[in-house]
Amino acid sequence: MTITNTAVLPPAVREYYDRLLLMTAYPQLVHTRFAQKRILPEKMGDTIVFRRYSRLETVPIPLKDGVTPPGAPLSATDIKAQVDFYGNFVTITNQVELTVEDRVLNESSRLLAQNLAQTMDEVTRDVLVSTSSVLQCANGSNSSNPTELTKADIDAAVKTLLSNDADMISDVVTGSNKFGTAPIRPAFWGYISTDLLDDLEAVSNFQNTSQYGSQQPVLESEWGATGNVRWLYTSVGSKSGDVFNLPIVGKESYAVVHLKSETGDFYINPLGSAGAADPLHQRGSVGWQHPFVARILNDAFMVNLMCTHS
């Protein structure tokens, strides 16, 4: 029998191109979440000044009749933050525009928008872990220095913050009559690498977000709570060698400052826009530029808890 099969008559096109692009993996961007956010107006310089007044000394001495006490002087601390400029771009040739099936310019713009946000997140992360307020985990059992994360170490960080009169950020999550749930204490916020989530769950008083008495206050990328700390996870957490940095922050501990706007400036330059530098209209580009700075406002209101994996 004579059979006509694909070996005799192969298809002219063997592959079908799916024009619906697959998703790009992005990390959770958490480090600017609880910052004081400021916009530095355009044409007002490149530096913002924060000011904090010092509290007055107490006067536990009774007044004497008719005698005016000496009074108290005011003092203030100025904290300056100078913006730096960051930017990135993609160059696209005319041959890409003419031959590639994708909407390359649109996809480039989307990737660059995420690139801007992640850059600001990582700049902020690096500032947070530079704080002078540092604790090393010492109560674990992995024989490393520092050790793995434990309840005692997290409690020590909370005690340090409370001793410095740092204010917690989140309010209590009240309980409910749902099975397996419990209330959550008022809390500071911690940032933790996804590489440590198994160790976090091994902490004796860990509560997953599914165990909260209410789901309303659960934030995107929140993994759970340990006592008075609620944790946000990210795949771009800070790590130096085998040591992880876990910033735990209180209210008004740090700030991020944008010049002019939070969104940055995007630039689309079409083919040939470079003039004589591109006489054959071979190149175009899309890019972003953004002036930004992250600044610690009070080291006493944050702790960098350092640990290793179990």
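Mentor: Let us begin with a cut-off: a residue counts as buried when its relative accessible area is under 20%, as exposed when that area is over 50%, and as partly exposed in between. Please keep in mind throughout that this is a predicted model.

Trainee: Which residues of helix 2 are buried?

Mentor: Helix 2 covers residues 104-128, and the cut-off for a buried residue is a relative accessible area under 20%. In this helix the buried residues are Ser-108, Leu-112, Gln-114, Leu-116, Gln-118, Met-120, Asp-121, Val-123, Thr-124, Arg-125, Val-127 and Leu-128.

Trainee: What distance does helix 2 reach from its first C-alpha to its last?

Mentor: Helix 2 has 25 residues, and at 1.5 Å a residue the expected value is 36 Å. The model comes close to that expectation, since the reach from the first C-alpha of helix 2 to the last is 36 Å.

Trainee: How far apart are the closest N and O atoms in the salt bridge of Lys-151 with Asp-155?

Mentor: Both residues lie in helix 3 (residues 151-163), where they are 4 residues apart, or about one turn of the helix. Lys-151 is partly exposed at a relative accessible area of 35%, and Asp-155 is likewise partly exposed at 30%. For this salt bridge, the separation of the closest N and O atoms is 2.6 Å.

Trainee: Is Asp-265, the salt-bridge partner of Lys-260, buried or partly exposed?

Mentor: In the bridge between Lys-260 and Asp-265, the closest N and O atoms are 3.1 Å apart. Lys-260 has a relative accessible area of 38% and is partly exposed. Asp-265 has a relative accessibility of 25%, so this residue counts as partly exposed.

Trainee: How many salt bridges does the structure hold by this rule?

Mentor: The rule requires a side-chain nitrogen of Lys or Arg within 4 Å of a carboxyl oxygen of Asp or Glu. The pair of Arg-110 and Glu-107 is one of those counted, and the count comes to 8.

Trainee: What is the relative accessible area of Tyr-191?

Mentor: Phe-34 and Trp-189 are both buried, and the value for Phe-34 is 14%. Tyr-191 is also buried, with a relative accessible area of 2%.

Trainee: How many nonpolar residues are in the lining of the largest pocket?

Mentor: The largest pocket holds about 330 Å³ of space. It is lined by 14 residues, and those closest to its centre are Val-59, Leu-63, Pro-69, Pro-70 and Gly-71. By class, the lining has 2 polar and 2 charged residues, while the nonpolar residues number 10.

How values were computed: Residues numbered from 1 in each chain as written. Predicted model: local features only at pLDDT ≥ 70, side-chain atom pairs only at ≥ 80, totals over all residues. Heavy atoms only, no water. Buried < 20%, exposed > 50% of the residue type's maximum accessible area, 1.4 Å probe, protein only. Helix = DSSP H or I, 4+ residues; strand = E, 2+ residues; numbered from the N terminus. 1 Å grid on protein atoms, 1.4 Å probe; cavity = no way out; pocket = protein on both sides within 12 Å on 5 of 7 lines; lining within 4 Å. Points joined across faces, edges and corners; volume = space filled by probe spheres on them. Nonpolar A, V, L, I, M, F, W, Y, C, P; charged D, E, K, R; others polar. Expected span 1.5 Å × (residues − 1).
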